[in-house]
Amino acid sequence: MRRHPLSLAVFLGLPLAAQAALDLPGIVVTASKRVTSLERTDMALSVADAEELRQANISNTDELNRVFPELFASDTGSSLFPSLSLRGISSSDPYNAPVAVYVDGVPQAVGGFSQRLLDIERIELLRGPQGTLYGRNAHAGALNIITRQPGNEARFGLQGRYSNLHREIGTSASGALLEDRLFAEAALYHDDIQGELHGTRRHGDGDNGGGRFALTLTPNDDLRLRLSYSRDRLTSHEEHYLPFHGYSRRDIVPAWRESSYTRRVETSSATLDWMLNDDWTLTSVSAYQHYRHSRLLGDFGLLHPEQERSSSQELRLGSNGEGRRWDATFGFYWQEREIHARRSVAAGGPYDGFLGAADSRIDSTEKALFGEFTWHFDPRWDLTLGLRHSREDADTHFEQQGSLLGAGFAYRGSDRFTSTTPKVAVGFQASDELRLYALASEGFKAGGYNRIGASTADAVAFDPERSLNLEVGAKATLFEHRLRLNATLYWMRIEDVQQFVGPVGMQSLQNMGEARSRGAELALDWLPDEDTRVRLAGSVNDSELTDSTVRQGNRLALAPRSSLRLSGERRLRWDGLPGELVPSVGFSYVGQHYFDVDNVLAQGGYGLFDARLAWRPAEGYELALYGNNLSDKDYRSYAYASGASAFAQAGAGRELGLDLKLEF
């Protein structure tokens, strides 16, 4: 339910005359790890609910830029290696994204970012450094995915889509096993992904399936325990590279063997909410995640199996309710990760005998204390102070066997990283319709070691990347609560920017110096009448390296200069037609951006159109025709240089399909 509209009034032929009893619904968020309203939360925040996701034809996290244009999400070669960018802060390191991702409060491995959105209640995008409450890897922002919780009423859902790119079916069920006390929920899905490549046996096809199961126990009104298990398996043949300038034909030069990978993610969690009294709630989130993939890079005959085991525990105490002079959240966080990555050469492949096997193990333990205090010192003024102190210990052990291309080597290393990230925010309720705020916050992206070392120099860890963010914002509801506006101006300084440097195959992650990012964000949500909704969201960004020995003045990689999302929908009813028709249209624009730190490979700005025509004969039933990238626009989703040559991957082409939803 993120509210983002603009005046499509001319396009839709809609009047702006005042309409009685028309209100945009209020939005409740948990971005501050307490329940607050969107309008009273003093930070830049966007929210999308299940209805908005459906109207934008979104079923997977890597499609979220259609509702969150400020978030640039792409794959650096495959879904195993996502790249997330927000406010100009990006990372060429797919293992260390600058945007933290959570599902029901559980941190997600970056390699598992691309996942099916199952039974979603809402998604919150927190923009700007969130170091105080979310810690490492949230120094550009955080993405909170909240699933729908079960109730006493039994609910069953079936949905599917059939298009030239996806053949998917999913089902969900929830309800009470013991009324008011014990609830169960389950969701399953399978997606047969159709590739668009030519010259390969599998055309870049994929297969994705999984599910989530959960039990919720409420022995009394003050205690709630939720146990959850989810599993996702993705097999894909997408990792093929096209000529940089001939990518639009999608013709693959035959490789030694077709590239493929299989990714598995299993997550178990236990969440306890205990209302100690009317003022305080104790929350515990315990989680274990096992991420693993096996990968064959067919062009070179290289095998890259990896796995990551992560255990985490968050314990926090937060205030609840209204009417106090202050609110607070205090907590402790612990996470332990074990990473094992290997590289070997397939027998008979192009590198057989030329490149030796490699084995890498990286272990890390993070501990953190955090707190945030809000003082409502005046009916119209709020002051928020936050602080987080964290310590991370990391160890690495790497072995590279010798080969015709060089002698073998091995190294060990250990390091400790500490970080203190403060936050100060002042909010002013200028009127019932307008709130202003100013915010200063810091964030950091953890330091560490390269998973596959290039030389013994990688025994020395790269430093954390840190960010300082200054922003001012305004949140307003206008025209009798039919128009919601959010606007933000920000300035950021980024220290010790982490980027990969060196030739392909021998790259290592290094600190490159200091950068600066500044920009503006705007979101509008407009209800012209009771049947029409128009949304607009967009941003402009200027980010560049300001203190780099070699790349002074270069723009940061994978950081678009601008972004835009404009959409509208209208409900139509006719005598004799049961239910309603809901046509919707959308336009997304991604500005020019570079794929590399040297600013050699660039993708120009491009726009994508999508549309949907849904028939809803009754509550919970929907049949829709939909289309994405209707103009079949060609654009590169990723590119890299190797010597004098450059290669790219093509973004998704036109998708036309049928979507079905049944819920009862």
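Tutor: A surface patch is made of residues with over 30% relative accessible area and no salt bridge, like charges being joined within 9 Å and nonpolar side chains (Val, Leu, Ile, Met, Phe, Trp, Tyr) within 5 Å. The model before us is predicted: local features need pLDDT of at least 70, side-chain atom pairs count only at pLDDT 80 or more, and totals for chains, interfaces and linings use all residues. Residues are numbered from 1 along each chain as its sequence is written, and side-chain values use heavy atoms, with hydrogens and water left out.

Student: Which residues gather in a patch of negative charge on the surface?

Tutor: Asp and Glu count as negative and Lys and Arg as positive, while His and the chain ends are not counted. The place of a charge is NZ of Lys, CZ of Arg, CG of Asp or CD of Glu. Here the negative patch consists of Glu179, Asp180, Asp221, Asp222 and Asp278. Asp278 is found in the loop between strand 16 (260-275) and strand 17 (280-297).

Student: Is Asp278 buried or exposed?

Tutor: Buried means under 20% relative accessible area, exposed over 50%, and partly exposed in between (1.4 Å probe, protein chains only). Asp278 counts as exposed because its relative accessibility is 67%.

Student: Which residues form the nonpolar patch on the surface?

Tutor: Accessible areas come from the Shrake-Rupley method with a 1.4 Å probe, and for residues only the protein chains shown count as cover. The nonpolar patch comprises Trp326, Phe330, Phe373, Trp375, Phe377 and Trp381, with about 550 Å² of accessible area together. Strand 20 (326-345) and strand 21 (358-378) each supply at least two of its residues, and the largest share, three residues, comes from strand 21. Phe373 lies in strand 21 and is partly exposed, with a relative accessible area of 32%.

Student: How many salt bridges does a search of the whole structure find?

Tutor: Side chains of opposite charge can pair when their charged atoms come close. The criterion for a salt bridge is a side-chain nitrogen of Lys or Arg within 4 Å of a carboxyl oxygen of Asp or Glu. The search finds 64 salt bridges in the whole structure. In one of them, the side chains of Arg148 and Asp119 meet at 3.2 Å, N to O. Arg148 is in the loop between strand 9 (141-147) and strand 10 (155-163) and Asp119 in the loop between strand 7 (106-107) and strand 8 (120-127), so the pair ties together parts 29 residues apart in sequence. Arg148 is partly exposed at 26% relative accessibility, whereas Asp119 is buried at 18%.

Student: Which distant parts of the chain does the pair of Arg161 and Glu655 link?

Tutor: The side chains of Arg161 and Glu655 form a salt bridge (3.8 Å, N to O). This pair links strand 10, which holds Arg161, with strand 39 (residues 655-663), which holds Glu655, 494 residues apart. Both Arg161 and Glu655 are buried.

Student: How many helices and strands does the chain have?

Tutor: Helices (H or I, at least four residues) and strands (E, at least two) are DSSP runs, numbered from the N terminus. The chain has three helices and 39 strands. Of its 664 residues, 56% count as buried.
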